[in-house]
Amino acid sequence: MTKSLIIMDIDGTLTNSEKKITPKTKEALLAAQEQGARLILASGRPVSGMQDFAKELAMDKHHGLLVAYNGAVVVDCESGDILFNQAMTVEEGQAVLEHVKQFDVIPMISKGDYMYVNDVYNNMIHWEKKNLDINIIEYESRGGKYLLAEKRDLAAFADFPLNKILLAGSSDYLAAHYKEIAAPFEGKLSSMFTADFYYEFTAQGIDKAKALDTVLAPLGYQPEDMIAFGDGQNDASMLTYSGTAVAMANAVQELKDIADIITLSNDEDGIAETLRDYFNI
């Protein structure tokens with residue numbers, strides 16, 4: 001049965017370990033669009049960090065959608081219109097930024113073309129899973145195509161609504177302390193891991209599934225029209241929402257547990273391999 005909506009996370013799903021779309025996966029997605037499918041990229045990234053991938057996949061010519069900030073914003077690739085936008089209030093954002101001062105994390109927020117941090121030179125974290133030290137500020141700013149700026153007190157500076165607050169830290173440290181970080185905001189804000197070394201806050205109830213339902217349901221799409229691909233904890237809601245849920249071989253176990261299909265990894269063209277069952281590619 002053909003699927004009319006193909007929904008994909010970006011990092012660890014659409015892109016390979018080099019953060020690139022492989023030729024085989026690109027060819028499959030272009031072919032699916034020519035057969036009437038609509039692509040949706042759903043990521044924790046900002047819109048600015050998704051647009052190059054959308055352009056590469058010609059989503060502007062096929063009415064594709066970008067679901068950014070883990071579901072806080074939805075943009076139409078063809079028109080550029082913002083179809084959905086739900087940010088934290090100023091007070092909520094400031095409360096989170098004040099609270100996390102006591103933890104060994106690197107907070108990052110954005111406004112316009114800039115990503116704001118406390119100290120651009122306090123930028124290294126350790127990723128235990130890969131035994132790597134990462135300049136996380138450079139990594140995030142490059143991925144989001146941001147310019148960088150410093151603010152010694154982000155809580156005082158953030159007098160504007162935030163779509164998300166990103167916290168980076170050692171993966172072992174975050175695993176040990178994320179409950180304390182999230183505790184004051186339970187039932188008030190949404191928070192989740194988006195990588196071993198990333199923990200994020202968004203407005204209450206925001207996730208990829210809510211964004212999809214808010215925009216797609218009024219257009220008449222049903223879950224059975226959708227096939228969704230993901231690899232991380234923040235992809236669980238959209239996989240549960242979609243009629244066909246696909247976890248990459250490199251996905252976290254909790255995602256594999258709810259998936260209908262476990263495909264090949266992001267380095268083995270897992271998306272293209274699965275789409276063969278639904279499209280003439």
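## Stop one: a serine in a loop

Select Ser43 and follow its side chain: it comes within 2.9 Å of the backbone nitrogen of Arg45. Keep in mind as you look that this is a predicted model. Ser43 sits in the loop between β2 and α3 (51–56).

Is Ser43 buried or exposed? It counts as buried, because its relative accessibility is 2% and the cut-off for buried is under 20%.

Now show what surrounds it. Leaving out residues up to four places away in sequence, Ser43 touches Asp9, Ile10 and Asp11, then Met50, then Val67, Ala68, Tyr69 and Asn70, and also Lys208.

## Stop two: helix α2

Next, select residues 23–34, which make up helix α2. How far apart are its end C-alpha atoms? They are 17 Å apart, and that agrees with the 16 Å that 12 residues should span at 1.5 Å a residue.

Colour Thr25, Ala28, Leu29, Ala32 and Gln33, the buried residues in α2. They cover an arc of only 135 degrees around the axis, so they lie on the same side of α2.

What do those buried residues pack against? Show β1 (5–8), α1 (10–14), β2 (38–42) and α11 (270–275), and you have the partners.

Then turn the view around. On the face of α2 turned away from the buried side, you'll find the exposed residues Pro23, Glu27 and Glu34.

## Last stop: just past the helix

Definitions and conventions:
Residues numbered from 1 in each chain as written. Predicted model: local features only at pLDDT ≥ 70, side-chain atom pairs only at ≥ 80, totals over all residues. Heavy atoms only, no water. Helix = DSSP H or I, 4+ residues; strand = E, 2+ residues; numbered from the N terminus. Expected span 1.5 Å × (residues − 1). Buried < 20%, exposed > 50% of the residue type's maximum accessible area, 1.4 Å probe, protein only. Arc of directions from axis to C-beta. Contact = heavy atoms within 4.5 Å. Polar contact = N/O pair within 3.5 Å; in protein donor to acceptor, adjacent residues only side chain to side chain.
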